[in-house]
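Here is a short walk through a two-chain model, with the cut-offs spelled out along the way. Have a look at the structure first.

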Amino acid sequence: MNLPLQGQLILAFTRIGLLGFGGGPSMIPLVHAEVVKRYEWMSEDDFSDVLAIGNTLPGPIATKMAGYIGYRVGGMAGCIGAVLAVTLPCIIAMIALLGLFMRYRDERWINGMSQGVIPVVMVMMARLTWDFWAKARSSLGAIATVVLAVVSAGLMYGLGVHPGLIIGALLIAALLRPEPKQSTRS
Amino acid sequence: MLYWHLFLAFFIPNIVGYGGGPAIIPLVENEIVGHYGWMSSQQFAEVLAIGNALPSPIATKMAGYIGYHVAGGPGAVIAVLATVGPSLLLMLAALGVLYRYRNSIKVKSMSSWVRPVIMVLMGYLTWTFLDESLINSGWLPTLLIGAVAAVLLNATRIHPALVVCLGLASGALFLG
């Protein structure tokens with residue numbers, strides 16, 4: 001095993017994990033800076049292909065990229081090292097911070113803190129909702145988006161259907177849709 | 001059995017969660033708060049707040065902490081594996097096939113057709129937090145903190161982690 005290389009992989013993805021504020025998608029430029037610019041493990045084209053393919057699969061993008069790039073550069077050990085480096089430090093910080101928070105939650109001011117932060121989280125969630133609306137409208141159009149939203153809301157909250165089932169059905173429908181002939185083989 | 005439920009609670013959202021980490025949030029909430037009842041929506045909001053204030057992907061931080069909260073160290077490992085593992089294995093196994101079809105309209109439709117459903121779940125979660133805040137803090141603090149946060153997040157370049165800290169601080173000073 002090439003130990004210096006494994007060390008570089010872990011270092012690169014630890015930096016990405018610690019500097020990547022704002023969730024997975026905001027980390028993509030950081031991954032690019034380390035992998036393409038600093039260490040030159042991949043070309044620009046390879047990187048954008050990996051990104052495009054990562055986006056066609058479910059699950060968080062940052063760990064998919066870390067795992068795949070780690071695997072390409074350093075085999076299975078590289079894959080595990082890169083995923084741990086990008087996730088572990090902040091999981092530990094999270095458990096420590098929230099553990100402290102829960103222990104003192106009977107203190108009045110700590111309890112106040114947990115109430116004061118809820119409107120902030122609400123606004124962040126509202127912004128994400130709006131982002132998804134804007135993206136859905138630009139790819140599907142407003143009418144299709146509203147119809148899909150109303151039907152799925154009725155199924156989930158009216159009839160209690162599990163959201164996973166609705167999404168699963170939509171994914172299968174997308175795979176079964178007829179493909180226009182000219183755009184397939186390019 | 002608990003470990004198996006914990007695995008499922010993170011495996012399902014991550015396998016259907018198209019649209020990156022944030023898309024997984026309302027799906028995980030549905031399992032953790034709605035289905036299994038391991039946390040209240042207030043606790044889930046706190047996890048999101050602290051999670052948004054720290055770097056690195058939100059999905060794995062959420063999984064690590066909630067897994068730990070429900071079943072200790074092994075719980076954290078199981079929840080993180082369920083979050084990271086399946087899509088990473090798919091990516092390693094199917095890269096060649098996916099590469100050929102990456103411009104296919106079918107593959108593109110997958111993420112765009114799922115988006116409105118995720119949007120509904122996110123809207124519902126926004127509503128849950130509003131309701132929670134109105135019950136706990138009343139409408140005036142909710143409106144004030146919410147409006148200030150909305151302006152700071154939308155109209156300035158202030159870091160979201162700082163906005164979370166401001167919310168925590170105003171709560172400590174005025175809502176305790």
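How many helices and how many strands make up the secondary structure of chain B? Seven helices and zero strands, where helices (H or I, at least four residues) and strands (E, at least two) are DSSP runs numbered from the N terminus.

## Ground rules

This is a predicted model, with local features needing pLDDT of at least 70 and side-chain atom pairs counting only at pLDDT 80 or more, while totals for chains, interfaces and linings use all residues. Residues are numbered from 1 along each chain as its sequence is written, and chains are lettered from A and ligands numbered from 1 in the order in which they are written.

## Chain B on its own

Along the sequence, chain B reads α-α-α-α-α-α-α. Its C-alpha trace spans about 55 × 40 × 25 Å along the principal axes.

Of the 176 residues in chain B, 56% are buried, meaning that 20 or more other C-beta atoms, placed from the backbone, lie within 10 Å of the residue's own. Take the contacts in chain B (C-beta atoms, placed from the backbone, within 7 Å) between residues at least 6 apart in sequence: 54% of these join residues at least 24 apart.

## Chain A's domains

Chain A is split into domain 1 (3-109) and domain 2 (117-184), with bounds from an automatic or database domain assignment. The C-alpha centres of these two domains of chain A sit 27 Å apart.

## Where the chains meet

The contact between the chains draws 91 residues from chain B and 84 residues from chain A. On the chain B side, the elements giving two or more residues include helix H1 (2-16), helix H4 (58-101) and helix H7 (160-174) of chain B. H5(B) gives the most, with 25 residues.

By type, that side of chain B has 56 nonpolar, 29 polar and six charged residues. Here Ala, Val, Leu, Ile, Met, Phe, Trp, Tyr, Cys and Pro count as nonpolar, Asp, Glu, Lys and Arg as charged, and the others, Gly among them, as polar.

## One helix pair up close

Helix H6 (residues 118-140) of chain A packs against helix H6 (residues 139-155) of chain B at an angle of about 50°, with the axes 8 Å apart. Axes are lines fitted to C-alpha atoms over the stretch in contact, and angles run from 0 to 180 degrees between N-to-C directions. H6(A) and H6(B) are therefore oblique to each other: under 35 degrees would be roughly parallel, over 145 roughly antiparallel, 65 to 115 roughly perpendicular, and the rest is oblique.

Residues making this contact include Met122(A) and Arg127(A) of H6(A), and Ile145(B) and Gly146(B) of H6(B). The contact of H6(A) with H6(B) divides into nine nonpolar, two polar and one charged residue.

Conventions. Two residues are in contact if their C-beta atoms, placed from the backbone, lie within 7 Å. A residue is buried if 20 or more other C-beta atoms lie within 10 Å of its own, exposed if 12 or fewer, and partly exposed in between; C-beta atoms are placed from the backbone.
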